[in-house]
Amino acid sequence: MDTEAGGDDATTDQNAMFNSNTDSMNIGSSSSSSAAAPASSNRYENQKRRDWNTFGQYLRNHRPPLSLSRCSGAHVLEFLRYLDQFGKTKVHIQICPFFGHANPPAPCPCPLRQAWGSLDALIGRLRAAFEEHGGKPEANPFGARAVRLFLREVREFQAKSRGISYEKKKRNKNKPQQQETSTSSSPQFSLPPPDAI
């Protein structure tokens, strides 16, 4: 293994260890916006790989064991319901006195579930991973109609249960200009001059 001029063995070992990571991340130091993209992309790819492995383990542990080619939208729904036991989001049932309250004043025995946003992101990653592993888009169980309907029902129920709207917020392009004008203008209420008191 050739060493770099002026480098020692520790530097060479570090370079060799990180070589595979940095090959795909050749970034110029002149652009700070492009520096953030590979890091988040890498994080996304790592999460997608972990999700794919978790789903694969679920299929292997399924009774009877299930191959990916025989997996359907119903199996994806089973997987999502299985994941609910590990959820951390309080979802109030309809008879709970805190149903519809965003910030309940006291604890309640309602179950913890996976948040809709987490499930939606998970399905998006698994849908992409399926096609990356050779699956045909038209046979993708993660894009099945039943899965889309399930996610919509979860979103609507959690929105009602938790008193939170999942509607997309519209970006106001004029908002920064309004802030600048409001900070540069004089306040609406001013104190009277000291000699008037």
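This is a predicted model: local features need pLDDT of at least 70, side-chain atom pairs count only at pLDDT 80 or more; totals for chains, interfaces and linings use all residues.
The axis of a helix is here a line fitted to its C-alpha atoms over the stretch in contact, and the angle between two axes runs from 0 to 180 degrees between their N-to-C directions.

**The whole chain**

Start with the protein in cartoon view, where the secondary structure comes to six helices and two strands. Followed from the N terminus, the elements run α-α-α-β-β-α-α-α. Of the 197 residues of the protein, 25% count as buried. Among contacts between residues at least 6 apart in sequence, 57% join residues that are at least 24 apart.

**Helices α4 and α5**

Two packed helices are described by the angle between their axes and the distance between the axes. The crossing in which α4 passes α5 is left-handed.

To see where the two helices meet, show the side chains of Trp116, Leu119, Asp120 and Ile123 on α4, together with those of Val147, Leu151, Val154, Arg155 and Gln158 on α5. Sorted by class, the residues of this contact are six nonpolar, one polar and two charged.

**Helices α3 and α4**

Keep α4 on display and select residues 73–83, which form helix α3. Here the axes are 12 Å apart, and the helices pack at an angle of about 140 degrees, which makes α3 oblique to α4. In this case the crossing is right-handed. The contact is made by Val76, Phe79, Leu80 and Leu83 of α3 with Leu119, Leu122, Ile123 and Leu126 of α4, and by class it has eight nonpolar, no polar and no charged residues.

**Leu126**

Is Leu126 buried or exposed? Its relative accessible area is 0%, so Leu126 is buried. Leaving aside residues up to four places away in sequence, Leu126 touches Asp51, Trp52, Phe55, Phe79 and Phe142. If you also label Asn140, you will find that Leu126 and Asn140 are 14 residues apart in sequence, while their C-alpha atoms are 9.5 Å apart in space.

**The aromatic rings**

Next, select Phe55, Tyr58, Phe79, Tyr82, Phe86, Phe130 and Phe142, which form one aromatic cluster. The count of aromatic pairs comes to nine. Zoom in on Phe130 and Phe142, an edge-to-face pair with 6.3 Å from centre to centre and 70 degrees between the planes. Since Phe130 lies in helix α4 and Phe142 in the loop between α4 and α5, the pair ties together parts that are 12 residues apart in sequence. Both Phe130 and Phe142 are buried.

**A last stop at Pro64**

Finally, move to Pro64, which you will find in the loop between α2 (32–61) and α3. Most peptide bonds are trans. What kind of peptide bond joins Arg63 and Pro64? The bond is cis, with an omega of about -10 degrees.

Terms used. Residues are numbered from 1 along each chain as its sequence is written. Side-chain values use heavy atoms; hydrogens and water are left out. Buried means under 20% relative accessible area, exposed over 50%, partly exposed in between (1.4 Å probe, protein chains only). Contact means heavy atoms within 4.5 Å. A crossing is left-handed if the near helix is turned anticlockwise from the far one by less than a right angle, and right-handed if clockwise. Helices (H or I, at least four residues) and strands (E, at least two) are DSSP runs, numbered from the N terminus. Ala, Val, Leu, Ile, Met, Phe, Trp, Tyr, Cys and Pro count as nonpolar, Asp, Glu, Lys and Arg as charged, and the others, Gly among them, as polar. Rings of Phe, Tyr and Trp (its six-membered ring) pair if their centres lie within 6.5 Å; planes under 30 degrees apart count as stacked, over 60 as edge-to-face and the rest as tilted. Angles under 35 degrees count as roughly parallel, over 145 as roughly antiparallel, 65 to 115 as roughly perpendicular and the rest as oblique.
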